[in-house]
Amino acid sequence: MKYHAINSKIFIKNRRNFVSAMKSNSLAIFNSNDVYSISSNSRLPFEQNSDFIYLSGIIQEESVLFLFPDCPIENHREILFIKETNRHILKWEGAKLNKESAYKISGIKTVCWLKDLEKILLKLSSYADTFYLNANENYRPGLRIETREDRFRKWLLEKHPTHSEAKSSHILQKLRSVKAPLEIELIQHACDITEKGFRRILPIIKPGVWEFEIEAEMLCEFVKNRSKGFAYPPIIASGKNSNILHYSQNNQQCKADELVLIDAASEYANYKSDLTRTIPVSGRFNKRQKAVYEAVNHVKKEATKMLLKGTSWKEYNYEVGKLMTLELLKLGLIDKADIQQEGKNLQAYKKYFVHGVSHHIGLDTHDCSFTDDTIKANMVLSVEPGIYIRRENFGVRIEDIVVIQEEGEPFNLMRNVPVEIEEIEDLIN
C-alpha cells in the first residue's frame, strides 16, 4: 500500500458497532472481492470490497471475515481467513499477508488460513441460527454481475438450508453513512491531494491542450502524494463534451473560447474525494459563460447552507430545485409557461439540471446510504449543481464536498480549491 498505516482501532470500533445491531445467535460472513480477468493471462488491478475494508482494513483477495458475537468459543467471535503464501505466489506476486501483519492491520486476534474455513464454519454453524450475508444493495447499483459474495451465498445456503438469512447491508448503510473523525481526516487528506492536482493543471490549460494531457498531469500529482490515483474515472470534458455527464474518452483538443469541465479527484487510503470545476480554455469567461457560471455557483452556495442536521433529503432537493428554477428564468433558458406546464415528476429545471445535487462520499465515491433518511451530523456529502446547454455547446458544473455539523452550516473540505471566477482567471493568467 502507498498510504501511511491506519490505526486498527477504527476497524475494531466499526466491527463493534456492526455486531451490536445483529440478531442474537447470528454469524455474519463477509468475502473480499474477486480478481477479474481480462484475457488469457491478464487481470485488472485488485479492488477490495468497501464493506470488507470498513470492517477489517484488509486489502487482499480471497479473504473472509466471520463475526459471531454470541459464539461460546471466545476466540471464534472474530475470525479473519487469509490466503497463505506458497512458492508459486512468492515467485510471481510476492508474499501475502501473514497472520501477524493481518492482526496488526485489522485488530482481529484470530487469523486462520483460508484452507481451514470449511472446517471452522461447520463447527460454528451448529451454534448459529442466522447467517448475515452481504450484497451490493446501494441505491445506485452498478452493472450486476455474479460476485464472490453471490457464489458463497449459494454454496452456504445449500450446505445449511435450515439456517435463516439476514442482510448485512441494512446495518452497514446506516453505519457507513455517518463518518468517524478519522474517516473525515482521511477524506480531507484526499481533498488536499486533489487541490494539489487541480493547482498543477491550471497553468497548462490553454487553446491546443489535449484533455488527456490534463488528466495525465493530475494523475502524476496524485500518485506523487501516496494516492493510488483517481477516485473514479476522470471527466475532462471540453466544449460540447461538457454536456455529457459521464464523459470519459478524454481524447479531444481544447479550443479557444471553450470551457473545459473537470470532474476529477483523488483517493487516499481507499477514501474518496470528489471535485468539479469548469475552466475557460482561453483564460477568461465570456459574458454568457460568466452568467451561467455565476448562476451555478450561487445555487451551490445556497444549497450548501441548506445542508443542516435534521433536514430531509426530499425537502432539500425540492428547495434546490426552486433555486435552480429562479436562476434558469434569469438566464432565459425557461419561462413562466414552462413552469406552468411542468408535471409532478418532470420539473422545468430538469431540462438543464438533470442529475441530483448531492450524494454521500466515503470508501465509495457514491457511498452507501438511505436516501429517505434525514441528514445527520458527520455525514460527508457532495454539493454539485450544474447547468447544461446543448444548443450552446457548453455546460457548467461546480462541486465541493462538505461535512454536516452538529450545529450550523457544513464544513467545506474543498474550501482551499479556487472556485470564484476572479480566482480562476487570475491563476490561469
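Me: How are α5 and α6 oriented to each other: parallel, perpendicular or oblique?
Reply: In this predicted model, helix α5 (residues 117–125) and helix α6 (residues 148–159) pack at an angle of about 50 degrees. Angles under 35 degrees count as roughly parallel, and 65 to 115 as roughly perpendicular. The two helices, α5 and α6, are therefore oblique.

Me: Which classes of residue make the contact of α5 with α6?
Reply: From α5 come Leu117, Glu118 and Leu121, and from α6 come Phe152, Trp155, Leu156 and Lys159. Leu, Phe and Trp count as nonpolar, Glu and Lys as charged. By class, the contact of α5 with α6 therefore has no polar residues, two charged and five nonpolar.

Me: Is Thr278 buried or exposed?
Reply: Thr278 sits in strand β11 (residues 276–280). Its relative accessible area is 0%, and under 20% means buried. Thr278 is therefore buried.

Me: Which backbone oxygen does the side chain of Thr278 reach?
Reply: Leaving aside neighbours within four places in sequence, the contacts of Thr278 include Gly395, Val396 and Arg397. At 2.8 Å, the side chain of Thr278 reaches the backbone oxygen of Arg397.

Me: Is Ala269 buried or exposed?
Reply: Ala269 lies in the loop between β9 (267–268) and β10 (271–272). Ala269 is not a glycine, yet has a positive phi of about 55 degrees. Its relative accessibility is 1%, so Ala269 counts as buried.

Me: What is the phi of Arg226?
Reply: Arg226 is located in the loop between α9 (211–224) and β7 (235–238). With 38% relative accessibility, Arg226 counts as partly exposed. Although Arg226 is not a glycine, its phi is positive, at about 75 degrees.

Conventions:
Residues numbered from 1 in each chain as written. Predicted model: local features only at pLDDT ≥ 70, side-chain atom pairs only at ≥ 80, totals over all residues. Heavy atoms only, no water. Axes fitted to C-alpha atoms, helices over the stretch in contact; angles between N-to-C directions. Helix = DSSP H or I, 4+ residues; strand = E, 2+ residues; numbered from the N terminus. Parallel < 35°, antiparallel > 145°, perpendicular 65-115°, else oblique. Contact = heavy atoms within 4.5 Å. Buried < 20%, exposed > 50% of the residue type's maximum accessible area, 1.4 Å probe, protein only. Polar contact = N/O pair within 3.5 Å; in protein donor to acceptor, adjacent residues only side chain to side chain.
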